[in-house]
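Please look over the sequence and the model first.

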Amino acid sequence: DLRAADRIRGRFAAEGKTAVCFGMGNGLDDVKSVSNVEKNIVVSPAALEAAKYLERTYGTPYETGYPLVDELIPDVDYTGKEVLIVHQQVIANSIRKELLKKGAKRVQIASWFMMKKELLADGDVLLRDEDAYIELVQNGDFDIIFADGCMERMIPEFKGIFVDTRHFAVSGKLIGK
């Protein structure tokens, strides 16, 4: 999402805080002051090792999560539902946390990309190819799937709710809100 960093900054500004989005529009001066931040929020598994380093080196705590997760979850009854999320691990975990609060019975995460051991839950899976995704859906008895829209056509027999959750690394498309 091309505007995600701006919306994240806006969310924190509304709370009287300043958000610096490393690699998302902030410059070198902000990187130079990395030791001065109050907390790091890791929004991608690729940033986890950097956050651990900053914690060891400067004592800066970190948490994993996606501050805009509420924008990704449509108003649907999740009570008792079996859900599959195919996305990068941190965003997927943020969605899972919210869906479980909303009563989902089971939420499984799958990805073709980096899956950090410390962020895994039972049943989470690293996909090897598109066939593995198709097989997971066919055998998973899911009611709802969160995944990039280009993946919907791979599973024409799926009769549940498909939530288009854009993932640039999968479709090569950005959201330009």
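## Helix α1

A residue counts as buried when its relative accessible area is under 20%, and as exposed when that area is over 50%. The model described here is predicted.

In α1, the buried residues are Ala4, Ala5, Ile8 and Phe12. Around the axis they cover an arc of only 100°, so they lie on the same side of α1. This buried set packs against β1, which is formed by residues 40–42. Asp6 and Ala14 are exposed, and they sit on the face of α1 turned away from its buried side. Just after α1 comes Gly16, which takes a positive phi of about 80°.

Val20 is found in the loop that runs between α1 (4–14) and α2 (28–32). Its relative accessibility is 31%, so Val20 counts as partly exposed. Together with Phe22, Leu28 and Val31, Val20 makes a nonpolar surface patch of about 320 Å². Residues must have over 30% relative accessible area to be part of such a patch, and Val20 has 31%.

## Lys116 in the loop between β4 and β5

The loop between β4 (106–111) and β5 (125–126) holds Lys116. Is Lys116 buried or exposed? Its relative accessible area is 15%, so Lys116 is buried. Leaving aside residues up to four places away in sequence, Lys116 touches Pro45, Leu48, Glu49 and Gln89.

## Aromatic pairs

How many aromatic pairs does a search of the whole structure find? The search finds 2, and one of them is described here. A pair of aromatic rings is described by the distance of the centres and the angle of the planes. For Trp112 and Tyr133, the ring centres are 6.0 Å apart and the planes stand at 55°, so the pair is tilted.

Trp112 belongs to the loop between β4 and β5, while Tyr133 is in helix α5 (residues 130–140), so the pair ties together parts that are 21 residues apart in sequence. Trp112 has a relative accessible area of 21% and is therefore partly exposed. Tyr133, at 0% relative accessibility, counts as buried.

Key
Residues are numbered from 1 along each chain as its sequence is written. This is a predicted model: local features need pLDDT of at least 70, side-chain atom pairs count only at pLDDT 80 or more; totals for chains, interfaces and linings use all residues. Side-chain values use heavy atoms; hydrogens and water are left out. Patches are made of residues with over 30% relative accessible area and no salt bridge: like charges are joined within 9 Å, nonpolar side chains (Val, Leu, Ile, Met, Phe, Trp, Tyr) within 5 Å. Accessible areas come from the Shrake-Rupley method with a 1.4 Å probe; for residues, only the protein chains shown count as cover. A salt bridge is a side-chain nitrogen of Lys or Arg within 4 Å of a carboxyl oxygen of Asp or Glu. Helices (H or I, at least four residues) and strands (E, at least two) are DSSP runs, numbered from the N terminus. Buried means under 20% relative accessible area, exposed over 50%, partly exposed in between (1.4 Å probe, protein chains only). Contact means heavy atoms within 4.5 Å. The arc is that of the directions from the helix axis to the C-beta atoms. Rings of Phe, Tyr and Trp (its six-membered ring) pair if their centres lie within 6.5 Å; planes under 30 degrees apart count as stacked, over 60 as edge-to-face and the rest as tilted.
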